[in-house]
Amino acid sequence: MTDFAAIDFETANSCRSSVCSVGVVVVRGGEITDTFYSLIQPEPNYYNWFCQRVHGLGPEDTDSAEVFPQVWAKIAPLIEGLPLVAHNAMFDEGCLRAVMQVYQMDWPDYKFYDTLRASRRKLRHLENHQLHTVSEACGYCLENHHHALADAEACAAIALKLL
C-alpha cells in the first residue's frame with residue numbers, strides 16, 4: 001500500500017464521540033505528502049482523569065478549539081479517495097463513526113486498514129503489539145506517544161512496512 005491516510009484520535013472521556021485531537025498523515029506514492037493536526041472541542045465536553053493522564057490534554061486546551069464538523073471540513077479534502085489506516089482501527093473508526101453520528105454527518109464509507117492486526121500477523125515475535133513497540137520494530141522511533149499526529153506518523157511508518 002503506497003497511497004493512504006494514517007489517522008489517530010485522542011478522546012476526552014470514555015465516549016468514542018469525545019474526540020479532543022486528531023492527527024492525519026497523508027501518504028502518496030509511498031511518501032508523506034501532507035500532515036494535519038488539530039485540537040477539537042469534545043462532545044460530550046468533559047475530561048476524565050484517565051484520558052487526561054494518557055494524552056495530557058484538558059479543557060484548557062480545547063475550550064476555544066473548533067468543533068468536529070469544522071475540523072473535519074479541513075481533513076475531508078486531504079483524505080478524499082484514500083483508504084484510512086490506524087493502529088487499532090476499531091477504536092479510531094469507532095471514534096469517527098460516533099462523532100459523525102453526534103453531529104448528524106453522513107458516513108462517506110471510509111475503508112479502514114489496521115496496522116495492529118497486520119503486526120500481530122507479521123511480527124509475531126514481538127513482546128507486545130503496542131504502537132511504540134511495533135513502530136520501533138519497523139525502524140521508526142516514536143517520540144511523544146499519545147500525541148495524535150505523532151501516533152499517526154508512527155502508524156504511517158508501520159503501514160509502509162507491513163501493508
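N88 sits in the loop between β4 and α4 in this predicted model. Its phi is near 75°, a positive value in a residue other than glycine. N88 is partly exposed, with a relative accessible area of 33%. H146 also has a positive phi, near 80°, and is not a glycine. H146 is found in the loop between α6 and α7. At 29% relative accessibility, H146 counts as partly exposed. Most residues other than glycine have a negative phi, and most peptide bonds are trans. The bond from E43 to P44 is cis, with omega near 5°. P44 belongs to the loop between β3 and α1 (49-55).

**The loop residue N13**

P44 is also among the residues that N13 touches. Where is N13 placed? N13 lies in the loop between β1 and β2. Is N13 buried or exposed? N13 is buried, with a relative accessible area of 2%. Leaving aside residues up to four places away in sequence, N13 touches S18, P44, Y46, N48 and C51.

**The sheet**

Strands of a sheet pair through backbone hydrogen bonds, either parallel or antiparallel. Here 5 strands form an open sheet, in the order β3-β2-β1-β4-β5. The pairing is mixed. β3 and β5 (112-114) are the edge strands, and each pairs on one side only. The twist from one strand to the next averages 25°.

β2 pairs with β1 in the antiparallel sense, over 8 bridges. Within that pairing, A5 has V26 of β2 as its bridge partner. D8 has G23 of β2 as its bridge partner. β2 also pairs with β3 (residues 31-39) in the antiparallel sense, again over 8 bridges. There the bridge partner of V25 is T35, in β3. β2 and β3 form a hairpin with 2 residues between them. G29 in the turn has a positive phi of about 60°.

How many of the 10 residues of β2 are buried? The count is 9, and β2 is mostly covered.

**The cores**

The largest nonpolar core has 24 residues. Those with the most contacts inside this core are I7, F9, V22, V24, F68, W72 and L96. Which elements each supply at least two of its residues? They are β1 (4-11), β2 (19-28), α3 (68-79), β4 (84-86) and α4. A second, separate core has 11 residues, including A118, L123, L131 and C138.

**Helix α5**

Helix α5 (residues 115-122) lies across β4 and β5. The helix runs at about 35° to β5. T115, L116, A118 and S119 are buried in α5. They cover an arc of only 160° around the axis, so they are on the same side of α5. The buried residues of α5 pack against β4, β5, α6 (131-137) and α7 (148-162). The face turned away from this buried side carries the exposed residues R117 and R120. A118 is buried in α5, and A118 is also part of the second core.

**Salt bridges**

Side chains of opposite charge can pair when their charged atoms come close. How many salt bridges does a search of the whole structure find? The search finds 2.

| Salt bridge | Closest N and O atoms |
|---|---|
| E66 and K74 | 2.7 Å apart |
| E93 and R97 | 3.1 Å apart |

Take E66 and K74 to begin with. E66 counts as partly exposed at 29% relative accessibility. K74 is partly exposed too, with a relative accessible area of 42%.

E93 and R97 both lie in α4 (residues 89-102). They are 4 residues apart, about one turn of the helix. R97 counts as partly exposed at 39% relative accessibility.

Conventions: Residues are numbered from 1 along each chain as its sequence is written. This is a predicted model: local features need pLDDT of at least 70, side-chain atom pairs count only at pLDDT 80 or more; totals for chains, interfaces and linings use all residues. Side-chain values use heavy atoms; hydrogens and water are left out. A salt bridge is a side-chain nitrogen of Lys or Arg within 4 Å of a carboxyl oxygen of Asp or Glu. Buried means under 20% relative accessible area, exposed over 50%, partly exposed in between (1.4 Å probe, protein chains only). A nonpolar core is a set of buried Ala, Val, Leu, Ile, Met, Phe, Trp, Tyr and Cys residues joined through side-chain atoms within 4.5 Å. Contact means heavy atoms within 4.5 Å. Two strands pair if DSSP finds at least two bridges between them. Axes are lines fitted to C-alpha atoms, for helices over the stretch in contact, and angles run from 0 to 180 degrees between N-to-C directions. The arc is that of the directions from the helix axis to the C-beta atoms.
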